[in-house]
Amino acid sequence: MSQHNTTDQNGSHSASPRTNSRLNYTKAEFTQSAPSIRQCPPDIGAEVAFAGRSNAGKSSAINALTSNHKLARTSKTPGRTQLINFFALSDTQRLVDLPGYGYAKVPLKMKQEWERNLSEYLRERQCLRGMILLMDTRHPMQEFDTTMLNWAISAEMPVHILLTKADKLKKGPAQSTLLALRKHLEEAQVDDLVTAQLFSSLKKTGIDQLIKQLNQWLALPETPAEDITQDKP
């Protein structure tokens, strides 16, 4: 498969990595940003989307996964990242960083436009295999989280929840939060579609479990799940 150039965050061009049988998340490369589904890359292969409130640690999680603290933009200003950002693992396998907003801190018009574009992406993107939904372990299941889960479930989209910043709690309370969330999902009868784990970008805990889930979702016919592993740096 030939390489193709794409526009990067600064307007310059970079080449996507070639497809190979082993995914190495440390070699993820930013390829492009898109305001809506119409500007997204071709709808082929497999991709997994990361979603979360602007203070849920989404960019930090992507950077921890890829061992690249500069890959996904981090900002203390909610709503700074308003585009859908794509990171190539191969020519046909991608990670996607969805916009994250602090609901009370952006104009209503921006919220409505974001919701429309995001809903359209989740509903119509055929190569989307699953969504990683990030929630602060100390404040899970906020309004944004419930909205995202409802959208995903209505579209029968598998979701893996990362309870982030687990290092902010002691082990006991963190584990209790995880068990309570799993019980909630079971009672809602969506535990076959939605899974959850604890995660800490700071302590690098939970990365192996996240990689295992990503590998399952990103597996293509020519790259079976058992062959997709995280290469040692």
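The following legends describe close-up views of a predicted model. Local features require pLDDT of at least 70 and side-chain atom pairs count only at pLDDT 80 or more, whereas totals for chains, interfaces and linings use all residues. Residues are numbered from 1 along each chain as its sequence is written, and side-chain values use heavy atoms, with hydrogens and water left out.

**View A. Strand β7 (residues 128-136) is largely enclosed by the rest of the structure, because 8 of its 9 residues are buried.** Buried denotes under 20% relative accessible area, exposed over 50%, and partly exposed in between (1.4 Å probe, protein chains only). Strands (E, at least two residues) and helices (H or I, at least four) are DSSP runs numbered from the N terminus.

**View B. Strand β7 pairs with β4 (residues 46-52) in the parallel sense.** Their pairing extends over 6 bridges; two strands pair if DSSP finds at least two bridges between them. G52 has L134 of β7 as its bridge partner.

**View C. Strands β7 and β8 (residues 159-164) pair in the parallel sense over 6 bridges.** The bridge partner of L133 in β8 is I161. From β7, the chain passes through helix α3 (residues 143-154) to β8 in a right-handed β-α-β crossover. Right-handed means that, with the strands pointing away from the viewer, the path from the first strand over the helix to the second runs clockwise.

**View D. The structure holds 1 aromatic pair.** F30 and F87 are arranged edge-to-face, at 5.8 Å centre to centre and with 65° between the planes. F30 belongs to strand β3 (residues 29-34) and F87 to strand β5 (residues 84-88), so the pair ties together parts 57 residues apart in sequence. Rings of Phe, Tyr and Trp (its six-membered ring) pair if their centres lie within 6.5 Å; planes under 30 degrees apart count as stacked, over 60 as edge-to-face and the rest as tilted. Both F30 and F87 are buried.
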